[in-house]
Amino acid sequence: MPLALSPPTQEFQERNNDAEAIFEATSRPSIRFFPVKFAEQRALLCLFRIHSGLTKEQTAKINQIRGLLAEFGLVMPKGRYSAGHHLKGILADGENGLPMLARRLLHNIHKRIPQLDEEILAYDREIEAMTRRDEQAKRLMTVPEASAIAPSSPETGPDLNVRSCLPMARE
């Protein structure tokens, strides 16, 4: 009876590809390596990502309300503050042709925006406090256009868009 050979397993193929990629990467001098992030850096990255996600969610909610109002021919100005101010008036006006169902649904969406404001503000304060404690961030804050969020921790790596601040700070 002939001996049957089994084809290479998927695990073997993945290991082979990994080894080949590592060899290729180490043999090219133009490839840049980034240092491994410490647990504190990864936690800070979580803070920035959560802050960014909440800001995007807030913008999405305001734009959703603006789009839904447009379905009924009602216009709401752009901007977080002016939109919130005008929406209260639109929801209170019983003569603008907005059906009660839509009025209730928009009110429910609108209730989430102040919650997002509070969460974003809390994270902003935490980021600003961290910025005041970090020496590298303090130096970056001397750049006129810098905000507390951008330079808080450049050592967190390329995942954040803080590297763009570094060339200005070095000049």
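Helices (H or I, at least four residues) and strands (E, at least two) are DSSP runs, numbered from the N terminus. By this rule the chain has six helices and zero strands, and from the N terminus on its elements run α-α-α-α-α-α. The structure is a predicted model, in which local features need pLDDT of at least 70 and side-chain atom pairs count only at pLDDT 80 or more, while totals for chains, interfaces and linings use all residues. Residues are numbered from 1 along each chain as its sequence is written, and side-chain values use heavy atoms, with hydrogens and water left out.

Of its 171 residues, 29% are buried, where buried means under 20% relative accessible area, exposed means over 50%, and partly exposed lies in between (1.4 Å probe, protein chains only). A contact means heavy atoms within 4.5 Å. Among contacts with a separation of 6 or more, 48% join residues 24 or more positions apart.

Helix α2 covers residues 39-70 and includes Gln-58. This residue counts as buried because its relative accessibility is 4%. Beyond its neighbours within four places in sequence, Gln-58 is in contact with Arg-80, Ile-113, Leu-116, Asp-117 and Ile-120. Other buried residues of α2 include Leu-44, Phe-48, His-51, Ile-62 and Ile-65. The cover over the buried residues of α2 includes α3 (80-92) and α4 (100-133).

In soluble globular proteins, nonpolar side chains tend to be buried together. A nonpolar core is a set of buried Ala, Val, Leu, Ile, Met, Phe, Trp, Tyr and Cys residues joined through side-chain atoms within 4.5 Å. The largest such core here has 14 residues, and those with the most contacts inside it are Ile-65, Leu-69, Met-76, Leu-87, Leu-98 and Leu-106. Helices α2, α3 and α4 each supply at least two residues of this core. Leaving aside neighbours within four places in sequence, Ile-65 touches Met-76, Leu-87, Leu-106, Ile-109, His-110 and Ile-113.

Finally, a search of the whole structure finds one cavity of 30 Å³ or more. A cavity is a set of points, on a 1 Å grid over the protein atoms alone, where a 1.4 Å probe fits but cannot get out; lining residues have an atom within 4 Å of a point. The largest cavity holds about 40 Å³ of space, a volume being the space filled by probe spheres set on the points. Its lining includes Ile-62, Ile-65, Arg-80 and Ile-113, and α3 gives the largest share, four residues.

Conventions: On a 1 Å grid over the protein atoms alone, a cavity is a set of points where a 1.4 Å probe fits but cannot get out, and a pocket is an open set with protein on both sides within 12 Å along at least five of seven lines; lining residues have an atom within 4 Å of a point.
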